[in-house]
Amino acid sequence: MTRAEAKERNRRALLDAAFQVVSRDGYRAKLDEIAERADLTTGAIYSLFGSKNGLVVALVADYLRPYYEEIEQAVPAGLDLLEAVDAFARYCRRSCDAPDALSGLSLQITLLDMALHDPELGSQLAASIRSQEDHLVALFTGRSHNGSVVTSHQAQRLTTALRAVFVGLGQGVPLGLAPGADEQYFADVARALASGMSLIDHDADAS
């Protein structure tokens, strides 16, 4: 095994261990336990991630990356905006039934708690999440809608709205708080938001 391969193996082991410990303990998560689960030392954590916060931020990026990669596959090029948000919404709904949906929900709630206890970490997490959401903004930008082309500004505002709605619904479905929220419901909500794109631009110009 090369040095680079060993480094990546250690990084992967620490991220997997951190997912388990952080999901359970939140801001009380101990680096000693994370290192022990990964069969490494706390020195490896500092060497690879710089700090506990650095490890948590890397964990979030690692968790979100495949999610956005799958979205890009679920929303192919060639669709107009309404078709694209429809496909995106249906993917979000299917994700609620995934085997790891509850563990993902646990991580979301835990990270929110950690961010509230540590404003610096909260700022770092927000920056990491925004960088991942840039992929979604790019996915919607340039699609046709109402005889025009969606701008990056429109796509950004739409992404913010979709995230707010689907984070809430994504938490409600596994907890049984969104009865009747099937794929069609998710798609209808997304299409309703996207249909207001002309209003979004009007609001931006007025400001």
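**Close-ups of a predicted helical model**

Searching the whole structure turns up six aromatic pairs. Keep in mind as you look around that this is a predicted model.

**View 1. Tyr-67 and Tyr-68 form an edge-to-face pair.** A pair of aromatic rings is described by the distance of the centres and the angle of the planes. Here the ring centres of Tyr-67 and Tyr-68 sit 5.0 Å apart and the planes meet at 75°, so this is an edge-to-face pair. Are these two tyrosines buried or exposed? Tyr-67 has 26% relative accessibility, so it counts as partly exposed. Tyr-68, with a relative accessible area of 7%, is buried.

**View 2. Phe-88 meets Phe-166.** The centres of these two rings are 5.8 Å apart and their planes lie at 65°, so the pair is edge-to-face. It links distant parts of the chain: Phe-88 belongs to helix H5 (residues 81-95) and Phe-166 to helix H8 (residues 152-172), 78 residues apart. Both Phe-88 and Phe-166 are buried. What else does Phe-88 contact, leaving aside its neighbours within four places in sequence? Besides Phe-166, the list has Tyr-67, Ile-71, Val-75, Leu-136, Phe-140 and Leu-162.

**View 3. Four phenylalanines make a ring cluster.** Phe-88 and Phe-166 turn up again here, linked by ring pairs into a cluster with Phe-140 and Phe-186. Look at Phe-186 and you'll also find Arg-93, which lies over the face of the ring, 5.9 Å from its centre.

**View 4. The largest nonpolar core has 55 residues.** Which of its residues touch the most other members? They are Ile-34, Phe-88, Phe-140, Phe-166 and Phe-186.

**View 5. Helix H3 has buried residues along one face.** In H3 (residues 42-49), look for Ala-44, Ile-45 and Phe-49, which are buried. Seen down the axis of H3, its buried residues fall within an arc of 105°, so they line one face of the helix. What covers them? The cover includes helix H1 (3-25), H2 and H4. Just after H3 comes Gly-50, which takes a positive phi of about 85°.

**View 6. Arg-28 sits in the loop between H1 and H2.** Its relative accessibility is 53%, so Arg-28 counts as exposed. Now find Met-114: it is 86 residues away from Arg-28 along the chain, yet their C-alpha atoms are separated by 8.8 Å.

**View 7. Stepping back, the chain has 10 helices and two strands.** Follow the sequence and the pattern reads α-α-α-α-α-α-α-β-β-α-α-α. The C-alpha trace spans about 60 × 35 × 35 Å along its principal axes. Of the 207 residues, 39% count as buried. Among contacts with a separation of 6 or more, 68% come from residues 24 or more positions apart.

**View 8. Confidence is lowest in helix H10 and highest in helix H2.** The average pLDDT of the chain is 90, and 95% of the residues score at least 70. Helix H10 (residues 197-206) has a mean of 53, whereas helix H2 (residues 31-37) reaches 97. Where pLDDT is low, the predicted coordinates should not be read in detail.

Definitions and conventions:
Residues are numbered from 1 along each chain as its sequence is written. This is a predicted model: local features need pLDDT of at least 70, side-chain atom pairs count only at pLDDT 80 or more; totals for chains, interfaces and linings use all residues. Side-chain values use heavy atoms; hydrogens and water are left out. Rings of Phe, Tyr and Trp (its six-membered ring) pair if their centres lie within 6.5 Å; planes under 30 degrees apart count as stacked, over 60 as edge-to-face and the rest as tilted. Buried means under 20% relative accessible area, exposed over 50%, partly exposed in between (1.4 Å probe, protein chains only). Helices (H or I, at least four residues) and strands (E, at least two) are DSSP runs, numbered from the N terminus. A charge sits over a ring if NZ of Lys or CZ of Arg is within 6 Å of the ring centre and within 35 degrees of the ring normal. A nonpolar core is a set of buried Ala, Val, Leu, Ile, Met, Phe, Trp, Tyr and Cys residues joined through side-chain atoms within 4.5 Å. Contact means heavy atoms within 4.5 Å. pLDDT is the predictor's confidence in each residue, from 0 to 100. The arc is that of the directions from the helix axis to the C-beta atoms.
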